[in-house]
Structure formats: structure tokens, C-alpha cells
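Here is a short briefing to read alongside the structure.

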Amino acid sequence: MNHFPQAWGRPRDDVYGAYDSSYLRSNGPKAHTSSPIVTGTSVLAVKFKDGVVTAADNLASYGSLARFPDVKRLRTFNRRTVVGFGGDVSDMQYLDRLLLSLDIEENYGSSGHDLNARNLHTYLSKVMYKRRSDINPLWNQLLVAGLDGEDQPFLSSVDLLGTTFSAPTLATGFGAHLAQPLLRKVVDDEANVKSVTREQAVNAVKECMKVLFYRDARSLDKYSIAVITKEGGVELKEDEQLENQSWAFAEMIKGYGTQTV
């Protein structure tokens, strides 16, 4: 038996051959992600008078291949915050582990204070900016939705450069082009948030998810949706299905396929 500490837990050399420690060397070149491979598309969110609604489909695409149809891209944090992830899925998993460790630390802390949505958004913006400054960015755009310290609806985004932006309606990916105009018909500025009900906000988000499924080749008809309110906390549904789909509008699209007119 080999009693040297550096050999503990390793297979015996006389049985399995010499131990290969070359993978432990850290003097090689650093490898940073320069082009995301497995990605998620749009995340949507809209404020209403009592809270925020956010949604994202469950597809992770391997390039242009719809490879993973059951990837949940909405993550809850404590009782009043949801983070929606667009972009690279591996970086999303890294951030998810980071948030999990932060949540555990907060739960076992003695301060007696919970991080609200505004605090979490500030934390994530610093994380994203730090990685950008290291020239090793996390290839994500995040939407942080929930309630702030005064239990008011909060919605803000942060991208891979650490740039932040707040608005009554936000969307990432293709949703920034296709869904934002539809959401702004419901809530066009902060003054109108107080007049929007939960039902109006949920219906607007569901309609946008349908439009994205029609128009975005990287989207799916199965999605997750979360409603964050002071009374109900986070109400997350992860396996919703689009309803009342109709492709009748396709007959009106000219210039594709075998159409000549």
C-alpha cells in the first residue's frame, strides 16, 4: 500500500498504470467562450399594478437545431424575485449556481433582511460587468422581475457588458423586435402601470409568446410563465402550452415558396 498523502484516493500504479496528472497543469492558454453554442431565445416581462409577469420558452437550441426542448430559463430567488435568462445555456447554469449559493448564504445569515429584486439586479449587474472587464463575458441577457424594498413592481435588464436598463416592458432576443411593440400597446409608460390588471398583463404575454412561436425559428410552443405579487409571492408554471394557434395568416405572406403573385 502506498502511504504517501499525494497518492491517497488514486488507483494503484502497479494495477492501473501511472497516474496521469497532466490535466492538472494550469500553465496552458486560457479558453474563453467567444461564440455561444447552446442558446435560449427571448424572455419577456411586463409590469402591472400589483406585480410583474415574465415568460420564456423551454427550448435550448444547438446552433439552428432545436436540440433541448425542456430547458427551464426562469429561476426563482426567495419569495419575490424571478430571473429570466436569454443567451448561452452553460453561462446560465453558472449564474444559477451563483444565485443558489447566494440564496443559501442569505438564508443562513443573521441580518434578518432578504434581498429584493432591486438588490439582486445590482448584484448581477456587478457580476456581468466584472466578467466583461476580465474579457471573459457571460453571454447572457438577464431580466430581473419582482418586488423592490417597498413592495413595488420592479423590472430591469442587464446584458453581457453589464449595461442595465429599466422599463415597464422588457424583452430579450427576437422578442425585443417582435414582442415589445405588442407589450407597449398594453403599457407604454410607467404612468399606465397602475391601470393594468393581472389578467391584461398575462394575456398580453401569452399573445406575444404565440407571435414569437410563429416568427422566431428558435422558439417553442412550450413555455414557462411566472407572476410575482406581494400577496401570492412567485407563482411559476413551467410547462404551459400555447393555445388557439392558427397559421391562417400565412396565406397573406407573399414572396416565399412557389407563390408568383
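At 46% relative accessibility, L65 counts as partly exposed, because that value falls between the 20% and 50% cut-offs. Please keep in mind that this is a predicted model. The protein chain has six helices and 13 strands, and 39% of its 261 residues count as buried.

**The chain as a whole**
- The accessible surface of the protein chain comes to about 15,300 Å², and carbon and sulfur atoms account for 51% of that surface.
- Take the contacts between residues at least 6 apart in sequence: 62% of these join residues at least 24 apart.

**A nonpolar patch around L65**
- L65 is found in strand β5, which covers residues 65-68.
- On the surface, L65 forms a nonpolar patch with I37, Y62 and F68.
- Together, the four residues I37, Y62, L65 and F68 have about 390 Å² of accessible area.

**A buried loop residue, A179**
- You will find A179 in the loop between α4 (175-178) and α5 (180-186).
- Is A179 buried or exposed? A179 counts as buried because its relative accessibility is 1%, and the cut-off for buried is under 20%.
- Leaving aside residues up to four places away in sequence, A179 touches L44, F174 and C208.
- A179 and L212 are 33 residues apart in sequence, while their C-alpha atoms are 7.3 Å apart in space.

Terms used
Residues are numbered from 1 along each chain as its sequence is written. This is a predicted model: local features need pLDDT of at least 70, side-chain atom pairs count only at pLDDT 80 or more; totals for chains, interfaces and linings use all residues. Side-chain values use heavy atoms; hydrogens and water are left out. Patches are made of residues with over 30% relative accessible area and no salt bridge: like charges are joined within 9 Å, nonpolar side chains (Val, Leu, Ile, Met, Phe, Trp, Tyr) within 5 Å. Accessible areas come from the Shrake-Rupley method with a 1.4 Å probe; for residues, only the protein chains shown count as cover. A salt bridge is a side-chain nitrogen of Lys or Arg within 4 Å of a carboxyl oxygen of Asp or Glu. Helices (H or I, at least four residues) and strands (E, at least two) are DSSP runs, numbered from the N terminus. Buried means under 20% relative accessible area, exposed over 50%, partly exposed in between (1.4 Å probe, protein chains only). Contact means heavy atoms within 4.5 Å.
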